[in-house]
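Subject: Structure for your files

Dear colleague,

Please find the structure below, with the sequence. My notes come after it.

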Amino acid sequence: MLAVKPLSAFNILDQYFFPVATTLTLHPQQTLNLQTEASLVTVIRQGTFKIERTHPEILIAISPSPMIIGLPGMFHAFGEPYQLTALTQCEVYQLKCEQCRALLNQHQLWQDAFHWVSWLFKVQQIRDGELIGKNSYSQIRATLQAMSAWDESLRERVGVMNHIQQRTHISRSVIAEVLAALRAGKYIEMNKGKLVSVNRLPLEY
């Protein structure tokens, strides 16, 4: 089950964050290093992007806008390096955590900020439940189900094999074997390496 993004909370926070922020445009495949120790809050207003942890390298998420990253940095600096890569043209802005905290205090926005952070926690909880302690097939199955919820335009841009491998670190040979079996059983439909549709996937392989 997917956690529903709290757009009302985003819109309220964006209303106050955007006027004081530094804006930039990322073109497809351009990257932005999210050094959390720099105490910056990053907001993606438009576009589709992916977030990766660079050491060790692992795909965290592929997501459409909007997104707010870094709110916990107002209180706790985390040293793990992350990288944001634009998959389509993205409108992004950043502001310092000190500015963010002052705005939350001034305009009584803590409830909206907590709503957003709680949603991110729920998304991470769902992801952990899909991947941690699961066998290879269960991880592949969960990833295919997540991809099936994407817009068609996003599925047309992301290769199934690469996405599963980057998200799970399962060997490409195992992924290829499972995908071939699922295609043969008519459980999934693919075209040129991209996911077209997912039918009811078997619980076990």
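This is a predicted model: local features need pLDDT of at least 70, side-chain atom pairs count only at pLDDT 80 or more; totals for chains, interfaces and linings use all residues.

Residues are numbered from 1 along each chain as its sequence is written, and side-chain values use heavy atoms, with hydrogens and water left out.

Confidence

The protein has an average pLDDT (the predictor's confidence in each residue, from 0 to 100) of 91, and 95% of the residues score at least 70. Confidence is highest in helix 1, at 97, and lowest in strand 2 (residues 31–35), where the mean is 85. Helices (H or I, at least four residues) and strands (E, at least two) are DSSP runs, numbered from the N terminus.

Domains

Two domains are assigned to the protein: domain 1 (7–109) and domain 2 (136–198). Their bounds come from an automatic or database domain assignment. The C-alpha centres of domain 1 and domain 2 are 28 Å apart. In domain 1, 8 residues are in contact (heavy atoms within 4.5 Å) with 8 residues of domain 2.

UniProt, in an unreviewed entry, places the feature "domain: IprA winged helix-turn-helix" at residues 136–202. UniProt positions are given in the numbering used here, feature names are shortened, and annotations may be inferred rather than shown by experiment. In the model, residues 136–202 are 58% helix and 13% strand, and the C-alpha atoms at the ends of this stretch lie 14 Å apart.

Salt bridges

The structure holds 4 salt bridges. The term means a side-chain nitrogen of Lys or Arg within 4 Å of a carboxyl oxygen of Asp or Glu. Accessibility is given below as buried (under 20% relative accessible area), exposed (over 50%) or partly exposed (in between), with a 1.4 Å probe and protein chains only.

One of the bridges is between the side chains of D14 and R45, at 2.8 Å from N to O. This pair links distant parts of the chain, with D14 in helix 1 (residues 7–17) and R45 in strand 3 (residues 40–46), 31 residues apart. D14 is buried, at a relative accessible area of 9%, whereas R45 is partly exposed at 27%. D14 and R45 also belong to a network of salt bridges with E91.

R167 and E130 form another salt bridge, again at 2.8 Å from N to O. Here too distant parts of the chain are linked: R167 is in helix 6 (residues 160–168) and E130 in helix 3 (residues 110–131), 37 residues apart. R167 is buried, at 10% relative accessibility, and E130 is partly exposed at 21%.

K50 forms a salt bridge with E52, and their closest N and O atoms are 3.9 Å apart. K50 is buried at 15% relative accessibility, and E52 is buried at 9%.

Helix 2

The buried residues in helix 2 (residues 97–106) include C97, C100, L103 and L104. These four are on the same side of helix 2, because they cover an arc of only 125° around the axis. The arc is that of the directions from the helix axis to the C-beta atoms. The buried residues of helix 2 pack against helix 1, strand 3, strand 8 (90–96) and helix 3. Helix 2 is followed by Q108, which has a positive phi near 55°.

Backbone details

Most residues other than glycine have a negative phi, and most peptide bonds are trans.

S65 and P66 are joined by a cis peptide bond, with omega about 0°. P66 lies in the loop between strand 5 (57–64) and strand 6 (67–69).

H169 is not a glycine, yet its phi is positive, near 65°. H169 is in the loop between helix 6 and helix 7 (172–184), and it is partly exposed, with a relative accessible area of 46%.

K192, also not a glycine, has a positive phi of about 55°. K192 is in the loop between strand 9 (188–191) and strand 10 (194–198), and it is exposed, at 78% relative accessibility.

Regards
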